[in-house]
Amino acid sequence: MSSPCDPQHAPAGDVSAALMMIDSRLKAVYDGKTETDPDQQALTDQFAASLGPGGIDDVLDGACTLIYMFMQWLRMAYEDHDKDVIEYVVPNLVATMRMMPKSVRPEVIPTMAGLLIAAGTGMSPNLWRKQYGYWTDDEMTPLEATAFLLAEHINRLTDDSDFATRMITEALSASDED
């Protein structure tokens, strides 16, 4: 029997826009720019405003698709070494989020952990979350941080600072060819 949280029932969203945001953050951190750049923030805000409500939902769904794809890749990588992705990824990301109290409020960390577990066990993160109501404003930055931290985790595992972005870009290119 199919679960209502099965990824086949989930909208993919605007994966390209979500990936662009995550890749931009990764590049900034790798370049040592950890403070918020006001010009970059203004461009991000302008971009978000241009999307409108439906576009924002598409980027939100795209971020969840990224989280799903990252967790699936990590699951396969860890299983190749007889390890469990939930055991090795979730506590690490939760500990990192706890060190980010300005960006990730403590009360949303359980939701992000649940999102990771849902994705790591083959469920759609956005459908899993939506069964508990619509996303809150307090969850937006933590959701982006979760996608960022997963991408950075993959990049560290592969010792390649562009691996996670390239993996998704190649998957999108392959799906466009089909």
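1. Along the sequence, the protein reads α-α-α-α-α-α-α. The count is seven helices and zero strands. The radius of gyration is 16 Å, close to the 16 Å that the globule rule gives for 178 residues, so the protein is as compact as a globular protein of that length. Note that this is a predicted model.

2. On dimensions: taken along the principal axes, the C-alpha atoms fill a box of roughly 45 × 40 × 35 Å.

3. On contacts: consider pairs of residues at least 6 apart in sequence. Of the contacts between such residues, 76% join residues at least 24 apart.

4. On burial and surface: 38% of the 178 residues count as buried. The protein exposes about 9900 Å². Carbon and sulfur atoms supply 54% of that area.

5. On charge: there are 12 positive and 29 negative side chains. How far apart do the centres of the two sets lie? The separation is 7 Å.

6. Is Q72 buried or exposed? The relative accessible area of Q72 is 12%. Buried means under 20%, so Q72 is buried.

7. Which residues does Q72 touch, not counting those up to four places away in sequence? The partners are A119, G120 and G122.

Note on methods. Residues numbered from 1 in each chain as written. Predicted model: local features only at pLDDT ≥ 70, side-chain atom pairs only at ≥ 80, totals over all residues. Heavy atoms only, no water. Helix = DSSP H or I, 4+ residues; strand = E, 2+ residues; numbered from the N terminus. Rg over C-alpha atoms; globule rule 2.2 N^0.38 Å. Buried < 20%, exposed > 50% of the residue type's maximum accessible area, 1.4 Å probe, protein only. Contact = heavy atoms within 4.5 Å. Areas by Shrake-Rupley, 256 points an atom, 1.4 Å probe, with all protein chains shown as cover. Lys, Arg positive; Asp, Glu negative; His and termini not counted. Charge placed at Lys NZ, Arg CZ, Asp CG, Glu CD.
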